[in-house]
Amino acid sequence: MGITYQDRIPNNVDLGSNRTLQRALEHWQPHFLGWWKDLGPEGFQEADVYLRTATSVDAKGWATYGAVKMPDYRWGIFLADATQDRTIGFGDDFGKPVWQQVPGEHRSTLRRLIVTQGDTEPASVEQQRHLGKTCPSLYDLRNLFQVNVEEGRHLWAMVYLLHAYFGRDGREEAEDLLARHSGDAERPRILGTFNEPIDDWLSFFMFTYFTDRDGKYQLKALAESAFDPLSRTCQFMLTEEAHHMFVGETGIGRVIRRTLEVMNDLKTEDPAALRKAGVIDLPTLQRYINFWFSSALDLFGADVSSNAATYFATGLKGRPDEARYEDHLCTDSVLEIERPDDAGKIVTESVPLRQAMNEVTRRAYIEDCAKGVIRWNRLIKKAGWDVELKLPSERFRRAIGVWAGFNATPEGQPIPAEEWSRRQDEFLPSGADRAYIKSLMVQVTEPGKVAGWIAPPDRGINNLPVAYEYVHLAA
Ligand code: BYC
Ligand code: FE
Ligand code: FE
């Protein structure tokens, strides 16, 4: 089925044939646009931005490029093509046909999962709304907006499911998705990380590397769902997600390249000297990694979770890439996890595998995170420096799960609470670090020019030159 572009809401779900649903979504649309104008990218609503828009889900149509003003972006509803005779891939109903409707007994649990997923999408747009004012280049500015409009589309993807399959409750949840706000004292976003401010571009790159990657793994797990419309919409979201993580990985990579250039010019790794030269020293970068990675680990939920076991048993949420496992029932296996006992001693425990699904997903995520770190370290080594960036231990600075409140160094070494507080600034970005990073954030909008703290990108977008005017600012 192609996209019905004449409709107000581009879609490949034959929205035109369901008047009630179409009207409900058309009613929500102005609320979305109002939210976008109030809490979306500040100061750039009139700019022409070179963006990709999904116009279909096939190889040709999913990335159509052109200049648009963001409020005119065509946010649409696109599900990956259905798999003929798809069956449930895991859990108690393994092998049975997938569901095209929501079974009554799973309604509230499924709605909660969809709402939690949906809540993160507009949250990230809110977190990033001031970054345009300090963009290091037009290329980066465009990438920020690309990520923002696509997170907006991901919100549409979840709102479509809520409207189409959850009746009045779903419509109310859709309104609430625009009523909670990142960092709001009264009505915050649901998950911790999505209430952290993203005030500088180093944090933005960390977020797109680490937090959007949580999105990748959660979407992969939901793409396994027995609820077929959820599975198909998550599959398509994953194609867009790849670019978000690309922005993070290359962003951090470019910061490192620029720092290495100056380290080699000045023949020093002394943070004070590098700061004087206007680049980000690697220990500061490490502290930002420590902050955002530990925050992202919490997003996977508790290591031992009866919720997770229920999701798996009932077919609501699987493991990322479920097909790579042999056993899809997981009734008899266990996962070994480490945890502190009551005396704070670290012990190993066998957890029934179904209860440990959050930890299974978290481990797959950690492995994926490590790949970029290896590439960054290669840059450092090649430049002749004996420094290594590292992902902090799972035990470090956790608020959720067995390590919540445990005091450990980024290497995972247990330390007394007093020592942890005393050494905080060694582990995490200090006030002075943040102030320094903030001082680097000055807006660069001349085509082809890049701020001094970051190297230019290797190539432009869609085969255009790096110096292309990716954002044409309103006069
Ligand atoms: N913060 O049994 P547990 C993305 C709560 S990112 C606050 O472990 P469960 C994106 C939990 O809700 C992907 N609360 O829970 C990225 C539960 O509450 P109740 C987002 C937390 O259900 C960048 C309680 O603690 N998608 O797409 O197994 C830009 C017990 O925990 C947190 C999803 O998350 C936390 N970090 O696991 C844009 C997928 N963690 O029941 C977008 C959908 C746990 O006691 N969500 N809690 O009131 C889920 O699958 C699950 O809700 C979670 C939690 C994996 C998040
Ligand atoms: Fe998203
Ligand atoms: Fe994303």
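Is Cys-330 buried or exposed in this structure? With 22 other C-beta atoms within 10 Å, Cys-330 is buried, a word used for a residue that has 20 or more other C-beta atoms within 10 Å of its own, whereas 12 or fewer make a residue exposed and counts in between make it partly exposed, with C-beta atoms placed from the backbone. This is a predicted model, in which local features need pLDDT of at least 70 and side-chain atom pairs count only at pLDDT 80 or more, while totals for chains, interfaces and linings use all residues. Residues are numbered from 1 along each chain as its sequence is written, and chains are lettered from A and ligands numbered from 1 in the order in which they are written.

**Single helices**

- Helix 2 has 21 residues and reaches 30 Å from its first C-alpha to its last, close to the 30 Å expected at 1.5 Å a residue, the expected span being 1.5 Å times one less than the number of residues.
- Because 15 of the 21 residues of helix 2 are buried, this helix is largely enclosed by the rest of the structure.
- Helix 3 (residues 138-165), with 28 residues, extends 41 Å from its first C-alpha to its last, which is close to the 40 Å expected at 1.5 Å a residue.
- Helix 3 is mostly covered, as 28 of its 28 residues are buried, and just after this helix Gly-167 takes a positive phi of about 55°.
- Within helix 3 lies His-163, which is buried, with 23 other C-beta atoms within 10 Å; the C-alpha atoms of His-163 and Gln-22 are separated by 9.3 Å, although the two residues are 141 residues apart along the chain.
- The 17 residues of helix 8 (residues 282-298) should span 24 Å at 1.5 Å a residue, and the end C-alpha atoms of helix 8 are 25 Å apart, which agrees.

**Helix pairs**

- Helix 5 and helix 6 (residues 228-266) pack at an angle of about 155°, with their axes 8 Å apart; axes are lines fitted to C-alpha atoms, for helices over the stretch in contact, and angles run from 0 to 180 degrees between N-to-C directions.
- Helix 5 and helix 6 are therefore roughly antiparallel to each other, since angles over 145 degrees count as roughly antiparallel, under 35 as roughly parallel, 65 to 115 as roughly perpendicular and the rest as oblique.
- The residues of the contact of helix 5 with helix 6 divide into 14 nonpolar, 7 polar and 6 charged.
- Helix 6 and helix 10 (residues 357-382) have axes that come within 10 Å and cross at roughly 15°, and these two helices are therefore roughly parallel to each other.
- Gln-235, which lies in helix 6, is partly exposed, with 19 other C-beta atoms within 10 Å.
- Asn-377, found in helix 10, is partly exposed, with 16 other C-beta atoms within 10 Å.

**Positive phi in loops**

- Most residues other than glycine have a negative phi, and most peptide bonds are trans.
- Cys-330, found in the loop between helix 9 and strand 3 (334-340), has a phi near 55°, a positive value in a residue other than glycine.
- Arg-397, in the loop between helix 10 and helix 11 (417-427), has a positive phi near 50° and counts as buried, with 25 C-beta neighbours inside 10 Å.

Technical notes: Helix = DSSP H or I, 4+ residues; strand = E, 2+ residues; numbered from the N terminus. Nonpolar A, V, L, I, M, F, W, Y, C, P; charged D, E, K, R; others polar.
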